[in-house]
Amino acid sequence: MPDITAAPSVLFVCVHNAGRSQMAAAFLTHLAGDRVEVRSAGSAPADTVNPAVVAAMAEAGIDISTEVPKVLTVEAVQASDVVITMGCGDTCPVFPGKRYLDWQLADPAGQGVDAVRPIRDEIEQRVRGLIEEIVPETQP
């Protein structure tokens, strides 16, 4: 098995970086810890993270109340091994050698906590699957 010295890096991208990408980044950070470098960004970032998303994540035991939406940059894409888009269409720059995934997920914008919960749960399951794919086993 090859020696992997650097943690894989993942960038989650959605339009506003206020819902789906924030939840995905928070789950990946929470579940993988320092085994993965995590970024999130939006093609047209909102001013704040969606309050219903913050509340839904708090129910899952993850505090994202201090997160701030960030603008998508070419540098963030270049620095990432895996780029996961969530409804940002063609606004995400594409570079050779990167792995791109597009997760089709409902948009939590304008939704209440009840509508955000199933989106949150689907994102958690996808993130768990992603960890199994990209993070080398360390100990049984």
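This is a predicted model: local features need pLDDT of at least 70, side-chain atom pairs count only at pLDDT 80 or more; totals for chains, interfaces and linings use all residues.
Which residue in S4 is the bridge partner of Thr 85?

**View 1. Pairing of strands S3 and S4.** Strand S3, spanning residues 82–85, runs parallel to S4. Four bridges join S3 and S4. Within S4, Asp 102 is the bridge partner of Thr 85. Strands of a sheet pair through backbone hydrogen bonds, in either a parallel or an antiparallel manner.

**View 2. The open four-stranded sheet.** The strand order is S2-S1-S3-S4, and the pairing is parallel. Strand S2 (37–42) and strand S4 (99–102) form the edges, each pairing on one side only. From one strand to the next, the twist averages 20°.

**View 3. Helix H4 across the sheet strands.** Helix H4, comprising residues 113–134, lies across strand S1 (9–14), S3 and S4. Relative to S1, helix H4 runs at about 150°.

View 4. Gln 22 is located in helix H1, which covers residues 20–32. Gln 22 counts as buried because its relative accessibility is 3%, against a cut-off of under 20%. A polar atom of the Gln 22 side chain lies 3.1 Å from the backbone oxygen of Asn 17. When residues up to four places away in sequence are not counted, Gln 22 touches Asn 17, Ser 40, Val 49, Ile 64, Glu 67, Val 68, Pro 69 and Lys 70.

Key. Residues are numbered from 1 along each chain as its sequence is written. Side-chain values use heavy atoms; hydrogens and water are left out. Helices (H or I, at least four residues) and strands (E, at least two) are DSSP runs, numbered from the N terminus. Buried means under 20% relative accessible area, exposed over 50%, partly exposed in between (1.4 Å probe, protein chains only). A polar contact is a pair of N or O atoms within 3.5 Å; within protein, one must be able to donate a hydrogen and the other to accept it, and residues adjacent in sequence count only if both atoms are side-chain atoms. Contact means heavy atoms within 4.5 Å. Two strands pair if DSSP finds at least two bridges between them. Axes are lines fitted to C-alpha atoms, for helices over the stretch in contact, and angles run from 0 to 180 degrees between N-to-C directions.
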